[in-house]
Amino acid sequence: MSKWETVIGLEVHTQLTTQSKIFSGSSTAFGAAPNTQASAVDIALPGVLPVLNKGAIERAIKFGLAIGATINRVNVFDRKNYFYPDLPKGYQISQLARPIVEHGSLNIQVDGVEKTIRLTRAHLEEDAGKSLHEDFHGMTGIDLNRAGTPLLEIVSEPDMRSAREAVAYAKALHNLVTWIGICDGNMQEGSFRVDANVSVRPVGQQEFGTRREIKNLNSFRFLEQAIDYEVRWQIEQIEDGHKIQQATVLFDPDTGETRMMRSKEEAHDYRYFPDPDLLPVKLDEELIERMRAELPELPQQKEARYQQEYGLSAYDAGLLTQSLAHANYFEAALRALSADAKLAANWMNGELASALNKAELDFTQSPISPESLAGLLKRIADNTLSNKLAREVFAAMWAGEGEADAIIEAKGLKQMSDTGEIERIVDEVLAANQKSVEEFRAGKDKAFNALVGQVMKATRGKANPAQVNELLKRKLAG
């Protein structure tokens with residue numbers, strides 16, 4: 001493997017969040033009965049004409065602005081001709097020579113190293129329908145509900161050199177398109193689908209190897225598994241004396257292998273030409289500036305601000321901006337807390353994130369509101385609760401037992417504030433654990449931890465651990 005370099009470029013199909021399709025008024029809602037959301041335009045009845053959805057144009061402009069791309073003021077729709085049963089017209093309306101967005105870039109981080117991935121283009125197109133094989137014995141059913149659904153196909157340069165880099169890029173792109181509201185990002189419903197172009201070449205060679213395209217990957221885990229398998233397979237083929245043939249392949253999650261679907265077509269095979277039913281799209285500066293004004297603070301801008309304004313580490317800021325819901329929760333909690341961003345970040349990225357992951361929820365579905373979490377954090381900040389007691393209160397809040405203050409009162413969980421009482425318990429523990437005292441004075445640090453544990457046990461976790469440590473050190477030094 002060390003003799004070979006992997007080269008990866010991704011094509012990502014993002015379904016835009018318009019309520020109707022790109023060239024008809026049919027609904028784009030997911031889950032309807034087959035063929036109930038396919039109009040005369042979608043199924044290509046004779047005499048029908050496409051009418052462009054302005055909302056799709058607006059969303060494409062927003063994406064281009066977010067990645068610092070060139071927005072082509074004049075862009076053209078083309079016909080991409082091929083036959084497939086779920087493509088009613090026999091061609092797909094797409095963009096080739098003059099797409100709406102060109103160039104731009106996206107930064108990713110892998111193992112703490114930042115890398116810039118260049119984008120080639122992002123073009124608008126209509127989706128095809130869906131072939132259904134499972135429910136029909138010896139036949140295929142065709143559902144045209146998806147036909148005409150607006151897509152923004154985002155094509156990267158072949159800048160990625162590992163499956164991990166490809167996953168990092170796909171996640172960053174997923175975060176961005178959902179953050180700016182142009183795609184809901186639902187991979188299970190097909191709103192965000194990834195095609196990976198993968199090739200290998202000897203280390204040091206400038207010329208690219210022959211690529212194979214892995215189609216329709218709908219999870220980040222499958223993306224990583226598919227690329228890793230494909231890289232191993234291509235290297236083995238070349239080392240066994242075979243040539244790689246350009247092809248389209250599918251990934252089978254059950255076997256963890258890719259299998260050939262068809263030989264890969266080139267652009268000329270599709271006989272592209274400008275669609276005669278659609279005029280060139282001309283964008284004015286007013287529309288572009290309006291889209292710019294509607295963009296929220298972008299993930300990387302917010303990440304930089306968190307580090308500068310709140311003194312958070314790059315790691316913490318990165319976690320807090322991994323989704324807009326995550327960032328919104330943090331900012332709402334911080335507003336209610338009025339201080340200590342680090343404490344809020346620690347609890348959000350730790351205890352809360354862990355509980356949400358276990359329950360398979362996101363931050364918009366959290367049973368604990370940002371304001372409620374802030375109420376708990378205030379009691380940590382003012383030393384009412386130790387971290388151990390705070391976790392107990394958090395568990396009760398998660399279970400729906402009420403707000404932090406009410407739980408603290410009801411369960412008697414307030415941290416001990418009587419220094420004299422804590423000192424008395426420390427003296428009792430030292431008197432009862434002379435062996436640990438002697439071991440500590442003999443240089444065994446573990447004995448000190450054992451004494452701290454005994455004091456915390458005697459106080460039922462209500463003593464301030466820092467205060468206990470200080471008292472024990474002073475008395476053991478005396």
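Because the model is predicted, local features need pLDDT of at least 70 and side-chain atom pairs count only at pLDDT 80 or more, whereas totals for chains, interfaces and linings use all residues. Residues are numbered from 1 along each chain as its sequence is written, and side-chain values use heavy atoms, with hydrogens and water left out.

The axes of helix α1 (residues 54–66) and helix α4 (residues 285–294) come within 9 Å and cross at roughly 65°, where helices are DSSP runs of H or I with at least four residues, numbered from the N terminus, and axes are lines fitted to C-alpha atoms over the stretch in contact, with angles from 0 to 180 degrees between N-to-C directions. That makes α1 roughly perpendicular to α4, a term for angles of 65 to 115 degrees. The crossing of α1 with α4 is right-handed, that is, the near helix is turned clockwise from the far one by less than a right angle. On the α1 side, K54, I57, E58, I61, K62 and L65 meet L287, I288, R290, M291, R292 and E294 of α4, contact meaning heavy atoms within 4.5 Å. By class, this contact has six nonpolar, no polar and six charged residues.

The second pair is helix α7 (residues 324–337) and helix α9 (residues 370–381), whose axes come within 8 Å and cross at roughly 50°, and which are therefore oblique to each other. Here too α7 passes α9 in a right-handed crossing. Y329, A332, A333, A336 and L337 of α7 make the contact with P370, E371, L373, A374, L377 and K378 of α9, giving nine nonpolar, no polar and two charged residues.

Note on methods:
Helix = DSSP H or I, 4+ residues; strand = E, 2+ residues; numbered from the N terminus. Parallel < 35°, antiparallel > 145°, perpendicular 65-115°, else oblique. Nonpolar A, V, L, I, M, F, W, Y, C, P; charged D, E, K, R; others polar.
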